[in-house]
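Labels in a structure description rest on cut-offs.

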Amino acid sequence: MTPWHLQRMAALDFESSDKDADTARIVTCALILVNGGIPTDTRTWLLNPGIPMEPGAIAVHGITDEYAAEHGMPAEQGVAEIAKAISEEVAAGVPLVGHNIGGYDLNLLDRECRRHLGDSLEGIVRQPLTRVIDTMVLDRQAAPFRKRVSEKQGPYQMRTTAETYGLPWDEEQAHGAEYDALMSARAAYKMGAIAHTPHRQRPDWVLALRTNRFNSLRDVTVEELHQRQIGWYREDAERYQAWLRNPEKAKEKHDPEAVITTEWPLRPIPAQREAGEAS
(Lines give C-alpha, C1' and ligand atoms only; values in the text may rest on other atoms or scores of the structure.)
Protein backbone atom coordinates (compact mmCIF):
# COMPACT_ATOMS: atom_id res chain seq x y z
CA MET A 1 0.00 0.00 0.00
CA THR A 2 1.38 3.41 -0.96
CA PRO A 3 1.45 5.57 2.20
CA TRP A 4 -1.32 8.16 2.15
CA HIS A 5 1.06 11.14 2.05
CA LEU A 6 2.64 9.92 -1.20
CA GLN A 7 -0.65 9.53 -3.05
CA ARG A 8 -2.23 12.08 -5.38
CA MET A 9 -4.02 14.84 -3.44
CA ALA A 10 -6.43 17.62 -4.37
CA ALA A 11 -5.48 20.61 -2.24
CA LEU A 12 -8.39 22.97 -1.73
CA ASP A 13 -8.66 26.46 -0.26
CA PHE A 14 -11.12 29.35 -0.37
CA GLU A 15 -11.00 33.04 0.42
CA SER A 16 -14.42 34.36 1.29
CA SER A 17 -16.59 37.30 2.29
CA ASP A 18 -16.55 36.60 6.04
CA LYS A 19 -15.48 34.07 8.68
CA ASP A 20 -18.83 32.30 9.15
CA ALA A 21 -19.10 29.35 6.76
CA ASP A 22 -22.90 29.41 7.04
CA THR A 23 -23.21 32.97 5.72
CA ALA A 24 -19.96 33.59 3.81
CA ARG A 25 -19.72 33.66 0.02
CA ILE A 26 -16.83 32.36 -2.04
CA VAL A 27 -14.49 35.02 -3.46
CA THR A 28 -11.55 32.91 -4.66
CA CYS A 29 -10.85 29.20 -4.86
CA ALA A 30 -7.79 27.13 -5.67
CA LEU A 31 -7.81 23.41 -6.44
CA ILE A 32 -4.30 22.03 -6.86
CA LEU A 33 -3.52 18.41 -7.76
CA VAL A 34 -0.15 17.34 -6.37
CA ASN A 35 1.96 14.23 -5.61
CA GLY A 36 1.45 10.76 -6.99
CA GLY A 37 4.34 11.09 -9.44
CA ILE A 38 2.19 13.25 -11.74
CA PRO A 39 2.84 16.92 -12.62
CA THR A 40 1.05 19.51 -10.50
CA ASP A 41 -2.22 20.80 -11.95
CA THR A 42 -3.61 24.11 -10.66
CA ARG A 43 -7.06 25.59 -11.18
CA THR A 44 -8.22 28.89 -9.68
CA TRP A 45 -11.45 30.89 -9.67
CA LEU A 46 -12.41 34.47 -8.85
CA LEU A 47 -16.09 34.99 -8.09
CA ASN A 48 -18.29 38.01 -7.59
CA PRO A 49 -19.94 37.10 -4.26
CA GLY A 50 -22.85 39.42 -4.94
CA ILE A 51 -22.87 40.85 -1.41
CA PRO A 52 -20.64 43.35 0.42
CA MET A 53 -17.65 41.66 2.03
CA GLU A 54 -16.68 42.13 5.68
CA PRO A 55 -13.81 44.65 6.07
CA GLY A 56 -11.86 42.02 8.01
CA ALA A 57 -12.12 39.57 5.12
CA ILE A 58 -10.93 42.18 2.63
CA ALA A 59 -7.99 42.95 4.91
CA VAL A 60 -7.00 39.26 4.81
CA HIS A 61 -7.27 38.47 1.09
CA GLY A 62 -7.00 41.97 -0.36
CA ILE A 63 -9.85 41.65 -2.86
CA THR A 64 -12.29 44.55 -2.75
CA ASP A 65 -16.00 44.49 -3.58
CA GLU A 66 -15.30 46.60 -6.64
CA TYR A 67 -12.55 44.32 -7.95
CA ALA A 68 -14.63 41.17 -7.45
CA ALA A 69 -17.63 42.78 -9.17
CA GLU A 70 -15.54 43.83 -12.17
CA HIS A 71 -13.36 40.75 -12.62
CA GLY A 72 -15.19 37.91 -10.90
CA MET A 73 -17.51 35.45 -12.62
CA PRO A 74 -21.14 35.22 -11.46
CA ALA A 75 -21.36 33.30 -8.19
CA GLU A 76 -23.70 30.63 -9.53
CA GLN A 77 -21.39 29.89 -12.46
CA GLY A 78 -18.29 29.80 -10.26
CA VAL A 79 -19.85 27.55 -7.63
CA ALA A 80 -21.04 25.17 -10.35
CA GLU A 81 -17.56 24.98 -11.90
CA ILE A 82 -15.88 24.42 -8.54
CA ALA A 83 -18.39 21.75 -7.52
CA LYS A 84 -17.93 19.97 -10.86
CA ALA A 85 -14.13 20.00 -10.54
CA ILE A 86 -14.29 18.63 -7.01
CA SER A 87 -16.86 16.01 -8.02
CA GLU A 88 -14.44 14.69 -10.64
CA GLU A 89 -11.65 14.30 -8.08
CA VAL A 90 -13.94 12.67 -5.50
CA ALA A 91 -15.22 10.24 -8.14
CA ALA A 92 -11.61 9.38 -9.01
CA GLY A 93 -10.84 8.65 -5.35
CA VAL A 94 -8.44 11.57 -4.94
CA PRO A 95 -8.47 12.82 -1.33
CA LEU A 96 -9.26 16.45 -0.61
CA VAL A 97 -6.64 18.15 1.55
CA GLY A 98 -6.63 21.54 3.24
CA HIS A 99 -5.92 23.37 6.47
CA ASN A 100 -9.15 23.49 8.48
CA ILE A 101 -10.88 22.14 5.37
CA GLY A 102 -13.40 20.27 7.52
CA GLY A 103 -13.85 23.13 9.94
CA TYR A 104 -14.50 25.76 7.27
CA ASP A 105 -13.85 25.24 3.55
CA LEU A 106 -16.06 22.24 2.83
CA ASN A 107 -18.88 23.74 4.89
CA LEU A 108 -18.56 27.01 2.97
CA LEU A 109 -18.81 25.13 -0.32
CA ASP A 110 -21.72 23.06 0.95
CA ARG A 111 -23.69 26.22 1.82
CA GLU A 112 -22.86 27.79 -1.53
CA CYS A 113 -24.01 24.65 -3.35
CA ARG A 114 -27.31 24.74 -1.48
CA ARG A 115 -27.65 28.47 -2.13
CA HIS A 116 -26.89 28.48 -5.85
CA LEU A 117 -27.30 24.89 -7.07
CA GLY A 118 -30.19 23.66 -4.94
CA ASP A 119 -28.41 20.66 -3.42
CA SER A 120 -25.82 19.83 -0.76
CA LEU A 121 -22.17 19.26 -1.64
CA GLU A 122 -22.50 15.52 -1.07
CA GLY A 123 -25.67 15.52 -3.14
CA ILE A 124 -23.83 17.11 -6.02
CA VAL A 125 -20.80 14.79 -5.82
CA ARG A 126 -23.31 11.91 -5.46
CA GLN A 127 -21.51 10.22 -2.58
CA PRO A 128 -20.43 10.90 1.00
CA LEU A 129 -17.07 12.56 1.52
CA THR A 130 -14.89 9.82 2.99
CA ARG A 131 -11.39 10.85 1.86
CA VAL A 132 -10.64 14.22 3.48
CA ILE A 133 -7.26 15.17 4.99
CA ASP A 134 -7.38 18.18 7.32
CA THR A 135 -3.89 19.33 8.27
CA MET A 136 -5.19 21.30 11.25
CA VAL A 137 -6.81 18.17 12.68
CA LEU A 138 -3.69 16.08 11.96
CA ASP A 139 -1.37 18.66 13.52
CA ARG A 140 -3.45 18.93 16.70
CA GLN A 141 -3.45 15.14 16.97
CA ALA A 142 0.21 14.50 16.18
CA ALA A 143 1.77 17.42 18.07
CA PRO A 144 -0.78 18.55 20.69
CA PHE A 145 -0.59 21.26 23.37
CA ARG A 146 1.37 23.75 21.27
CA LYS A 147 1.45 27.28 22.69
CA ARG A 148 0.49 30.42 20.81
CA VAL A 149 3.35 32.02 18.93
CA SER A 150 2.07 35.52 19.71
CA GLU A 151 -1.16 37.39 20.39
CA LYS A 152 -1.78 37.47 16.63
CA GLN A 153 -0.47 34.02 15.67
CA GLY A 154 -2.31 31.01 17.01
CA PRO A 155 -0.76 27.60 17.72
CA TYR A 156 -2.38 25.75 14.82
CA GLN A 157 -3.06 28.36 12.17
CA MET A 158 -1.61 27.72 8.71
CA ARG A 159 1.53 29.80 9.20
CA THR A 160 2.36 28.13 12.52
CA THR A 161 1.84 24.66 11.10
CA ALA A 162 3.97 25.44 8.06
CA GLU A 163 6.83 26.86 10.09
CA THR A 164 6.64 24.02 12.63
CA TYR A 165 7.24 21.50 9.85
CA GLY A 166 10.10 23.45 8.34
CA LEU A 167 8.23 24.97 5.39
CA PRO A 168 9.23 28.46 4.24
CA TRP A 169 6.49 31.06 4.74
CA ASP A 170 5.93 34.13 2.55
CA GLU A 171 3.56 36.50 4.33
CA GLU A 172 3.01 38.54 1.15
CA GLN A 173 1.64 35.50 -0.69
CA ALA A 174 -0.17 34.08 2.32
CA HIS A 175 -3.96 34.23 2.54
CA GLY A 176 -4.26 33.76 -1.19
CA ALA A 177 -6.19 30.59 -1.99
CA GLU A 178 -3.50 29.16 -4.27
CA TYR A 179 -0.66 29.68 -1.79
CA ASP A 180 -2.60 28.35 1.19
CA ALA A 181 -3.84 25.28 -0.70
CA LEU A 182 -0.32 24.37 -1.78
CA MET A 183 1.07 24.90 1.72
CA SER A 184 -1.58 22.60 3.18
CA ALA A 185 -0.57 19.83 0.78
CA ARG A 186 3.08 20.31 1.67
CA ALA A 187 2.26 20.22 5.38
CA ALA A 188 0.27 17.00 4.90
CA TYR A 189 3.26 15.45 3.16
CA LYS A 190 5.61 16.51 5.99
CA MET A 191 3.32 15.04 8.65
CA GLY A 192 2.96 11.78 6.78
CA ALA A 193 6.69 11.58 6.17
CA ILE A 194 7.45 12.03 9.88
CA ALA A 195 4.83 9.45 10.83
CA HIS A 196 6.36 6.89 8.47
CA THR A 197 9.94 7.54 9.63
CA PRO A 198 11.37 5.24 12.35
CA HIS A 199 10.98 6.90 15.74
CA ARG A 200 14.66 7.58 16.47
CA GLN A 201 15.19 9.09 13.02
CA ARG A 202 12.48 11.73 13.40
CA PRO A 203 13.37 15.43 13.73
CA ASP A 204 14.73 16.57 17.08
CA TRP A 205 11.76 18.85 17.71
CA VAL A 206 9.43 15.84 17.37
CA LEU A 207 11.52 13.71 19.75
CA ALA A 208 11.46 16.59 22.25
CA LEU A 209 7.65 16.79 22.35
CA ARG A 210 6.08 15.99 25.71
CA THR A 211 3.29 14.20 23.86
CA ASN A 212 4.03 12.68 20.45
CA ARG A 213 1.21 10.94 18.57
CA PHE A 214 2.64 10.72 15.04
CA ASN A 215 2.28 6.94 15.10
CA SER A 216 -1.50 7.40 14.86
CA LEU A 217 -0.96 8.76 11.32
CA ARG A 218 1.01 5.80 10.00
CA ASP A 219 0.06 2.56 8.23
CA VAL A 220 -3.53 3.60 7.53
CA THR A 221 -5.52 4.07 4.35
CA VAL A 222 -6.93 7.48 3.50
CA GLU A 223 -10.39 6.19 4.44
CA GLU A 224 -9.11 5.00 7.82
CA LEU A 225 -7.36 8.32 8.38
CA HIS A 226 -10.62 10.10 7.54
CA GLN A 227 -12.49 8.07 10.15
CA ARG A 228 -9.85 8.77 12.77
CA GLN A 229 -10.09 12.49 12.10
CA ILE A 230 -13.83 12.40 12.81
CA GLY A 231 -13.04 11.15 16.31
CA TRP A 232 -10.08 13.47 16.88
CA TYR A 233 -12.10 16.51 15.82
CA ARG A 234 -14.98 15.53 18.11
CA GLU A 235 -12.66 15.00 21.07
CA ASP A 236 -10.96 18.38 20.56
CA ALA A 237 -14.34 20.13 20.23
CA GLU A 238 -15.66 18.52 23.41
CA ARG A 239 -12.52 19.48 25.35
CA TYR A 240 -12.72 23.07 24.12
CA GLN A 241 -16.41 23.32 25.02
CA ALA A 242 -15.68 22.01 28.52
CA TRP A 243 -12.82 24.52 28.85
CA LEU A 244 -15.05 27.45 27.83
CA ARG A 245 -17.69 26.38 30.37
CA ASN A 246 -15.13 26.23 33.18
CA PRO A 247 -14.82 29.72 34.75
CA GLU A 248 -11.53 28.93 36.49
CA LYS A 249 -9.83 27.80 33.29
CA ALA A 250 -11.44 30.06 30.66
CA LYS A 251 -11.47 33.20 32.86
CA GLU A 252 -12.48 36.16 30.63
CA LYS A 253 -13.45 33.76 27.82
CA HIS A 254 -15.80 31.86 30.10
CA ASP A 255 -19.16 31.03 28.51
CA PRO A 256 -21.39 28.70 30.57
CA GLU A 257 -23.59 28.02 27.53
CA ALA A 258 -20.82 27.53 24.96
CA VAL A 259 -21.62 24.98 22.26
CA ILE A 260 -18.84 23.83 19.95
CA THR A 261 -19.86 21.76 16.96
CA THR A 262 -18.41 18.26 16.94
CA GLU A 263 -19.26 17.25 13.35
CA TRP A 264 -16.49 16.90 10.75
CA PRO A 265 -15.97 17.40 7.84
CA LEU A 266 -19.53 18.60 7.19
CA ARG A 267 -21.81 19.90 9.90
CA PRO A 268 -25.58 20.37 9.78
CA ILE A 269 -27.02 23.78 8.99
CA PRO A 270 -28.04 25.52 12.24
CA ALA A 271 -31.77 25.03 12.75
CA GLN A 272 -32.59 28.73 12.98
CA ARG A 273 -30.78 29.54 9.75
CA GLU A 274 -32.35 26.60 7.93
CA ALA A 275 -35.78 27.79 9.06
CA GLY A 276 -34.98 31.34 7.99
CA GLU A 277 -33.89 30.25 4.52
CA ALA A 278 -36.98 28.09 4.13
CA SER A 279 -39.22 31.03 4.95
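**Helix 6 and its surroundings**

At the start of helix 6, the backbone nitrogen of M136 has a side-chain oxygen of D134 within 3.0 Å. This is a predicted model, where local features need pLDDT of at least 70, side-chain atom pairs count only at pLDDT 80 or more, and totals for chains, interfaces and linings use all residues. Residues are numbered from 1 along each chain as its sequence is written, and side-chain values use heavy atoms, with hydrogens and water left out.

Q: Why is helix 6 called mostly covered?
A: Seven of its eight residues are buried (under 20% relative accessible area; exposed is over 50%, partly exposed in between; 1.4 Å probe, protein chains only). Helix 6 spans residues 135-142; helices are DSSP runs of H or I, at least four residues, and strands are runs of E, at least two, numbered from the N terminus. Its buried residues include M136, L138 and D139. They pack against strand 5, strand 6, helix 7, helix 8 and helix 10.

Q: Why is the R146 and D139 pair called a salt bridge?
A: A salt bridge is a side-chain nitrogen of Lys or Arg within 4 Å of a carboxyl oxygen of Asp or Glu. The N to O distance is 2.8 Å, so R146 and D139 qualify.

Q: How do you know that D139 and R146 are buried?
A: D139 has 0% relative accessibility, so it counts as buried. R146 has 18%, so it counts as buried too.

Q: What makes K84 exposed but E88 partly exposed?
A: K84 has 53% relative accessibility, so it counts as exposed. E88 has 40%, so it counts as partly exposed. The two form a salt bridge, with the closest N and O atoms 2.7 Å apart. They are four residues apart in helix 3, about one helical turn.

Methods:
Contact = heavy atoms within 4.5 Å. Polar contact = N/O pair within 3.5 Å; in protein donor to acceptor, adjacent residues only side chain to side chain.
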